[in-house]
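Keep the viewer open and follow the packing as it comes up.

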Amino acid sequence: PLFGAAFTRLWSRQAPDLSAAKPERTLQDFGRSTLSPREAEIVQMILKGHSSLSICLTLGIALPTVKTHRKNAYAKLGISTQQQLFNAFLEWQSKAR
């Protein structure tokens with residue numbers, strides 16, 4: 001919820017005419033050309049503020065599996081931290097306009 005509110009606020013300042021669905025659609029598109037469907041799903045959940053434990057409980061997969069997908073997604077995106085993931089998403093989003 002925190003990140004959702006922050007992204008909504010960011011988009012409302014940058015382009016007030018965007019609908020509320022725009023951030024979600026953009027979030028779903030992020031990394032799709034690079035990541036596997038499961039990696040993209042996990043990255044989306046991380047960007048929404050989920051922890052690895054929350055992701056494993058939500059998706060019904062083992063915690064080590066979540067960590068493996070997360071590690072592989074980070075490697076494919078050329079990043080190594082969650083902060084870099086947020087920065088990569090924001091940079092990608094600003095270029096998508």
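Predicted model: local features only at pLDDT ≥ 70, side-chain atom pairs only at ≥ 80, totals over all residues.

Helices H4 and H5 cross in a right-handed sense. Their axes approach within 9 Å, at an angle of roughly 115°. An angle from 65 to 115 degrees counts as roughly perpendicular, and H4 and H5 are therefore described as roughly perpendicular to each other. On the H4 side, the contact uses Ser 52, Leu 53, Ile 55 and Cys 56. On the H5 side, the partners are Leu 63, Val 66, Lys 67 and Arg 70. Sorted by class, the contact of H4 with H5 holds 5 nonpolar, 1 polar and 2 charged residues.

Stay with H5, which spans residues 63-77 and includes Pro 64. Is Pro 64 buried or exposed? Its relative accessibility is 57%. The cut-off for exposed is over 50%, so Pro 64 counts as exposed. Now look across to Ser 52. The C-alpha atoms of Pro 64 and Ser 52 are separated by 9.1 Å. Along the chain, these two residues are 12 residues apart.

Next, step back to H3. This helix covers residues 37-47, and H4 covers residues 52-59. The axes of H3 and H4 come within 10 Å and cross at roughly 125°. That angle makes H3 oblique to H4. The crossing of H3 and H4 is right-handed. H3 brings Arg 38, Glu 41, Ile 42, Met 45 and Ile 46 to the contact. H4 answers with Ile 55, Thr 58 and Leu 59. The class count for the contact of H3 with H4 is 5 nonpolar, 1 polar and 2 charged residues.

Between H3 and H4 runs a loop, and His 50 lies in it. How accessible is His 50? Its relative accessible area is 26%. Buried would need under 20%, and exposed over 50%, so His 50 is partly exposed. Set aside its neighbours within four places in sequence. His 50 is then in contact with Met 45, Ile 55 and Thr 58. Met 45 belongs to the H3 side of the H3 and H4 contact, while Ile 55 and Thr 58 belong to the H4 side.

From H3, the contact takes in Arg 38, Glu 39, Ile 42, Val 43 and Ile 46. From H5, the list is Val 66, His 69, Arg 70, Asn 72, Ala 73, Tyr 74 and Lys 76. By class, the contact of H3 with H5 has 6 nonpolar, 2 polar and 4 charged residues.

Now zoom out to the chain. It has 6 helices and 0 strands. From the N terminus on, the order is α-α-α-α-α-α. Of its 97 residues, 31% count as buried. The accessible surface comes to about 5800 Å², with 56% of that area on carbon and sulfur atoms. Consider contacts between residues at least 6 apart in sequence: 56% of them join residues at least 24 apart.

Methods:
Residues numbered from 1 in each chain as written. Heavy atoms only, no water. Helix = DSSP H or I, 4+ residues; strand = E, 2+ residues; numbered from the N terminus. Buried < 20%, exposed > 50% of the residue type's maximum accessible area, 1.4 Å probe, protein only. Contact = heavy atoms within 4.5 Å. Areas by Shrake-Rupley, 256 points an atom, 1.4 Å probe, with all protein chains shown as cover. Axes fitted to C-alpha atoms, helices over the stretch in contact; angles between N-to-C directions. Parallel < 35°, antiparallel > 145°, perpendicular 65-115°, else oblique. Left-handed = near helix turned anticlockwise from the far one by under 90°. Nonpolar A, V, L, I, M, F, W, Y, C, P; charged D, E, K, R; others polar.
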